[in-house]
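User: I'd like to learn how to read helix packing and pockets in a model. Can you walk me through it, starting with a pair of helices?

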Amino acid sequence: MDNPPVTGAWRPGDPPGRRQWVTHGRLPLESGGELPAVRLAYETWGILNSDATNAVLVEHALTGDSHAAGDAGPGHPTPGWWDGLIGPGKALDTDELFVVVPNVLGGCQGTTGPSSPDPDGNPWGSRFPPVTVRDQVAAEVVLANALGVSRWAAVLGGSMGGMRALEWAVAQPDRVASLLVLAAPAVASAEQIAWAAPQLHAIRADPGWRGGDYYGAAPGTGPNRGLGVARRIAHVTYRSEPELAQRFGRRIQDDGRFAVESYLDHHAAKLARRFDANSYLVLTESMNTHDVGRDRGGIGAALSRVRARTLVAGVDSDRLYPLYQSRELADGIPGAGAAAVISSPYGHDSFLIETPQIAALVKALLG
């Protein structure tokens, strides 16, 4: 049976930074299963030109969402995560560009994920199928088609978003004119999978997880403690040892806790208020299975498909996705040149923090 038409796409005059949706029928998955229907949330800034050549796709990281620019507000639990880069006169100049930021498949900010209703109207929960980076990009192809974008002027992303940006350029080489991959690898390493393992176990060991079917339980009885532990583990990998030493050292607060413990507790509580534990599981496992060379003859053969003008950058203090992985990626993409180095004490999170350095890369990419 043919898929129903995509509905709900952007129209000229829609306000910037407002969450919108497209809906689509059956989406086959790499695992062999399928989602019978998919809804994708996205936000846009700027105006699509008459020949649809000024569209830029920005891909968010693990716990990000479509709200990349603007203040927090109704429907947006946090301010835009790349606000310093998107807007009039900024590196992604919305006076000239049409910037599109989708929420990832499997997420919990408007796109179909475990907390979404199944065809019978019940939350998917434990029945939500595994999705891969390739499945996520396949869903975004639906969005591009709905918007009338046959070729992105640029695709950009960091961390998990960098995985999706890379997958776009490999799977859809004729649809990506330029590519920026920040702090992301061609394949998830054993150490990265190992860092993820205790995070996954922490959520699944929480009695409130209930096998993934905790929706509808009494408020406060879900797997928030497990999600908080997962976030604490992850956040250590997002920052560098020298930064933590400089900011916190061994300082003890009035309540008897180490200051660095309080810092991790703060980030755990913030995430538990705005993110779904099942989505954290689904997306983390999609990152674990990331391998651009899978069933493509290996990483080298896959990267040779890229036709986009490419910049790859890594962070010199990144202990989650070390700089050598960015260099290997740059070496494998035709014409990419040497990987750029973001110099920062902030570790992996530098792609979110070092706005002037990222802006310079974006401007270089867009010429």
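This is a predicted model: local features need pLDDT of at least 70, side-chain atom pairs count only at pLDDT 80 or more; totals for chains, interfaces and linings use all residues.

Analyst: An angle of 65 to 115 degrees counts as roughly perpendicular, and α1 and α2 pack at about 70 degrees, so they are roughly perpendicular to each other. Helix α1 covers residues 133-147 and helix α2 covers residues 160-171. Their axes lie 9 Å apart, and α1 passes α2 in a right-handed crossing.

User: Which residues of α1 and α2 make the contact?

Analyst: On the α1 side, look for V133, R134, Q136, V137, E140, V141 and A144. On the α2 side, they are M163, R164, E167 and W168. Sorted by class, that contact has six nonpolar, one polar and four charged residues.

User: Now α3 and α7: at what angle do their axes cross?

Analyst: Roughly 160 degrees, with the axes coming within 10 Å. Angles over 145 degrees count as roughly antiparallel, so that is how α3 and α7 run relative to each other. Here the crossing of α3 past α7 is left-handed.

User: And what meets what between α3 and α7?

Analyst: From α3 you get Q192, I193, A196, Q199, L200, I203 and R204. They meet A277, Y280, L281, T284, E285 and N288 in α7. The class count for this contact is seven nonpolar, four polar and two charged residues.

User: OK, on to pockets. How does one find empty space in a model?

Analyst: You roll a probe the size of a water molecule over the atoms, and that shows where empty space is left. In this model, the largest pocket has a volume of about 800 Å³. Its lining has 36 residues, and T63, R231, Y238, D349 and L352 lie nearest the centre.

User: Which helix gives the largest share of that lining?

Analyst: That's α4, with five residues. Helices α3 (190-205), α4 (224-238), α6 (259-274), α7 (277-288) and α10 (350-353) each supply at least two.

User: How does the lining of the largest pocket divide by class?

Analyst: Into 16 nonpolar, 14 polar and six charged residues.

How values were computed
Residues are numbered from 1 along each chain as its sequence is written. Side-chain values use heavy atoms; hydrogens and water are left out. Axes are lines fitted to C-alpha atoms, for helices over the stretch in contact, and angles run from 0 to 180 degrees between N-to-C directions. Helices (H or I, at least four residues) and strands (E, at least two) are DSSP runs, numbered from the N terminus. Angles under 35 degrees count as roughly parallel, over 145 as roughly antiparallel, 65 to 115 as roughly perpendicular and the rest as oblique. A crossing is left-handed if the near helix is turned anticlockwise from the far one by less than a right angle, and right-handed if clockwise. Contact means heavy atoms within 4.5 Å. Ala, Val, Leu, Ile, Met, Phe, Trp, Tyr, Cys and Pro count as nonpolar, Asp, Glu, Lys and Arg as charged, and the others, Gly among them, as polar. On a 1 Å grid over the protein atoms alone, a cavity is a set of points where a 1.4 Å probe fits but cannot get out, and a pocket is an open set with protein on both sides within 12 Å along at least five of seven lines; lining residues have an atom within 4 Å of a point. Grid points are joined across faces, edges and corners, and a volume is the space filled by probe spheres set on the points.
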